[in-house]
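Subject: Structure handover

Hello,

Here is the structure for you to look through. My notes follow below it.

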Amino acid sequence: MGRKATAMITSMTGYGRADVAWAGGQVTAELRSVNHRFCEIVIRVPRAMSALEEELKRTIQQRCARGRVELNVSLTGGREAGKSLSLDHVLARQYHSLLRDLKKRLRLSGAIDVSLLAGFRDIVTVSDRPIDDASLAQAMRRATVDALSALEEMRRREGAVLARDIAARVQTIHREVDAVSRRAPFVAQEHFDRMKARVEKLVGSAELDSVRLNQELALYADRCDVTEELTRLGSHLSQFEAAMKSDEPVGRTLDFLLQEIGREVNTIGSKASDADIAGHVVKLKSELEKVREQVQNIE
């Protein structure tokens, strides 16, 4: 079964369980998923049905793109797997021969009988006998699929909570960026005027090449211009919001975009050298960190 196009953010954390009746008993499938950078799947099924592990793993992979997912399938009641016994006759003879030789060499008393040989665990081994039952295999498949549906539902509910929180924080980020955008045009001019006054004070009454001075001051002030950074920041935010509406797993995409947004915010703070902008940059970094923590939970 493929992924459903839900156009909804999905969390990587969830739990699902399903019980399916089988031969007077039941098959229980439990699924747990937690955060993980990639998709890691751990399967635990009765040894008698271990042949189904790869099939169940593929079923989970079709519906979970990221996260550590653990599936535990158990059988209760009904026709459980039988046990088979095997006797290693060759090894038993070797034990018997060695014990007889030991008894003779050390002049020991006592009988070397079946009860003594039975104490050696490697002579008699107990193993599960595979259950060749198509109905059990089908019950395990159904239980796994039903548990997956319950897991997905929980992951979607948690994802919706994450999406609302992130959306609110992105709006706060937009307000801070707007404030920086309104302040930015004045920063370069203020730097120009401040540096010009400082130079004129230093040189006093000495004659200056005003054209050259203005050129140098203009170049210096231009280094404080953050227009390009604001443009890229706006683009990254738009891409982030578009990704939040995608029906595909977007956790890695959002994480990458947050790194780019953070890089632009850092550059704005260092280039602007303005107290007002610095205050907004601090708030931006605080909100971005909170968003990053939430994105770590998204599939």
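Start with Glu260 and Arg263. Their side chains meet in a salt bridge, at 2.5 Å from N to O. By salt bridge I mean a side-chain nitrogen of Lys or Arg within 4 Å of a carboxyl oxygen of Asp or Glu. Both residues sit in helix 7, three residues apart, so about one helical turn separates them. Helices here are DSSP runs (H or I, at least four residues), numbered from the N terminus. Glu260 is buried, at 18% relative accessibility. Arg263 is partly exposed, at 43%. The cut-offs for these words: buried is under 20% relative accessible area, exposed is over 50%, and partly exposed lies in between (1.4 Å probe, protein chains only).

Before you go further, two notes on the source. This is a predicted model: local features need pLDDT of at least 70, side-chain atom pairs count only at pLDDT 80 or more, and totals for chains, interfaces and linings use all residues. Residues are numbered from 1 along each chain as its sequence is written, and side-chain values use heavy atoms, with hydrogens and water left out.

Now the wider count. The structure holds 23 salt bridges.

One of them joins Glu264 to Arg232, with the closest N and O atoms 3.0 Å apart. This pair links distant parts of the chain: Glu264 lies in helix 7 (residues 251-272) and Arg232 in helix 6 (residues 227-244), 32 residues apart. Glu264 is buried, at 7% relative accessibility. Arg232 is partly exposed, with a relative accessible area of 35%.

Helix 4 has a pair too. The side chains of Glu153 and Arg156 form a salt bridge, 3.1 Å from N to O. They are three residues apart in helix 4 (residues 134-203), so they are separated by about one helical turn. Glu153 is partly exposed, at 34% relative accessibility.

Last, look at Glu158. This residue is also in helix 4. Its relative accessibility is 28%, so Glu158 counts as partly exposed. What does Glu158 contact, leaving aside its neighbours within four places in sequence? Glu158 is in contact with Ser11 and Thr13; contact means heavy atoms within 4.5 Å. The C-alpha atoms of Glu158 and Ile298 are separated by 9.4 Å, and the two residues are 140 residues apart along the chain.

Best wishes

Terms used. Helix = DSSP H or I, 4+ residues; strand = E, 2+ residues; numbered from the N terminus.
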